[in-house]
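Reader: I would like to learn how to read a model like this one. Can we take it feature by feature?

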Amino acid sequence: MGLTALEIYKHLPKKNCTECGVPTCLAFAMQLASLKVKLEACPYVTEQAKAALAASSAPPIRLVKIGTGPNEVGIGDEVVLFRHDKTFFHPTALAGMVLDTSPEADIAAGAAGLNSLRTERVGLMMKLDMIAVRAAAGDPARFAHAVSVVRSKSDLPLVLVSDSAAAMEAGLKVAGKDRPLIHAATAANWEAMTKLAKDNKCPLAITAPGLDALSDLAAKVKGAGVEDIVLDIGEMPMGKALETLTALRRLTIKKSNRAVGYPVLMLVKDDELAPMRAALGVMKYASAVILERVDPATLYPLMTLRQNIYTDPQKPIQVKAGIYEIGKPTDGSPLMFTTNFSLTFFTVQGDIEKSKSPAYLMVLDTEGLSVMTAFAAGKLTPEMVEKMLNESGIKARLGHRKLIIPGIVARMSGKLCELTSWEVVVGPRDSSGIPSFMKTWK
Ligand code: SF4
């Protein structure tokens with residue numbers, strides 16, 4: 001259990017200097033107790049106090065890293081129950097699976113296919129994070145060969161799936177240095193699996209029926225020297241899975257229960273409810289979801305769902321402010337403006353592309369707010385537009401002085417006209433109207 005605010009306060013310097021960004025040491029202690037700040041924010045904490053407060057400042061859910069190098073994936077280290085309380089930090093890692101019982105050519109094609117499943121949305125690349133290889137045959141040599149085939153086709157982190165310690169050892173001989181996730185230790189094999197995880201310095205997934213059994217097994221594995229633990233809740237009906245995942249998150253965040261303070265994994269078997277199960281995991285606290293079968297038609301919506309949930313609600317995804325060329329505009333091409341909220345930018349950009357009319361798009365920095373929200377909040381004003389027209393260099397690239405503004409902020413047209421002496425043309429209220437607007441606006 002974590003320390004209370006008063007217990008933490010006793011160890012703080014009590015200077016009330018505000019350097020941590022909080023008015024008093026007591027307020028800082030309260031925030032630390034509720035995990036809203038990190039201890040390092042106070043520069044005056046003594047080494048002695050740091051040691052005493054370590055339990056309180058440690059993340060309630062351990063950060064576990066899988067893989068190495070640029071594709072390394074971190075799971076866990078969440079500090080809130082609801083994203084609007086702060087934000088979620090480590091998006092659910094998604095994995096596809098190949099079986100060692102498949103013909104070699106299918107294993108190779110499967111791994112290459114999973115590796116290439118990626119798409120861009122609002123300027124961010126979405127892809128699978130890991131590939132799971134399952135020892136379905138229980139034959140160590142076959143498993144080792146399948147792991148090496150997958151490794152030759154993808155450098156994504158691996159999850160080695162087998163309850164046979166002999167098969168796992170063979171798989172680890174091939175890929176152990178790449179820090180795969182070992183899946184999984186059970187009540188029956190945990191000693192052998194823990195030894196493999198320890199010897200190879202790999203994270204270890206554990207699975208057991210029920211929270212008590214899971215917590216007991218985690219304690220045994222930790223006691224044997226493996227700290228990087230991932231909890232697999234096992235197969236259960238969806239309602240039960242939701243209840244279990246929520247209970248685990250509540251135990252760690254609200255009760256500071258370190259015995260289950262590890263990221264949670266769901267293995268989603270291939271049935272008609274698989275997309276629902278995977279979506280449930282992404283929405284409600286699974287740090288990793290392994291899909292027995294990956295269908296792009298359900299994977300891409302799943303990745304979109306994940307992107308939406310793991311976007312910081314206080315920091316909308318933004319693009320860089322500036323002048324963007326769409327197509328190959330000339331000095332006679334239209335000039336439009338929008339804001340730097342990614343979703344707005346990419347929607348407007350797409351609609352201009354659809355119109356097949358090259359254009360300049362002037363993107364204003366509204367701190368990631370959409371056009372209407374920014375206008376209502378005073379973060380999109382005629383003065384800002386005028387300033388950008390003058391300072392962006394766009395005037396020298398145009399042979400005209402016409403500016404198309406979003407129809408939704410038509411009311412700024414008079415003031416803008418007055419400030420700039422440009423002809424201000426009111427465009428469509430919704431960017432989907434851009435293609436037809438472009439045909440007629442001149
Ligand atoms: Fe207190 Fe440290 Fe914050 Fe200063 S920086 S107010 S000493 S907690």
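Author: We go through domains, ligand, strands and backbone. This is a predicted model, where local features need pLDDT of at least 70, side-chain atom pairs count only at pLDDT 80 or more, and totals for chains, interfaces and linings use all residues. Residues are numbered from 1 along each chain as its sequence is written, and side-chain values use heavy atoms, with hydrogens and water left out.

Reader: Into which domains is the protein chain divided?

Author: Domain bounds come from an automatic or database domain assignment. Here they give domain 1 (5-57), domain 2 (64-309) and domain 3 (322-437). The centres of domain 1 and domain 2, taken over C-alpha atoms, are 35 Å apart.

Reader: Which residues are around the ligand?

Author: A residue counts if one of its heavy atoms lies within 4 Å of the molecule. The residues are Pro13, Lys15, Asn16, Cys17, Thr18, Cys20, Cys25, Phe28, Cys42 and Pro43.

Reader: How do strands β16 and β17 run?

Author: Two strands pair if DSSP finds at least two bridges between them. Strands are DSSP runs of E, at least two residues; helices are runs of H or I, at least four. Strands β16 (residues 402-405) and β17 (residues 423-426) run parallel, joined by four bridges. Lys402 has Glu423 in β17 as its bridge partner.

Reader: Where is the cis peptide bond?

Author: It joins His183 and Ala184, with omega about 10°. Ala184 lies in strand β8 (residues 181-185). Arg179, not a glycine, has a positive phi of about 55°. Arg179 sits in the loop between α6 (165-175) and β8.
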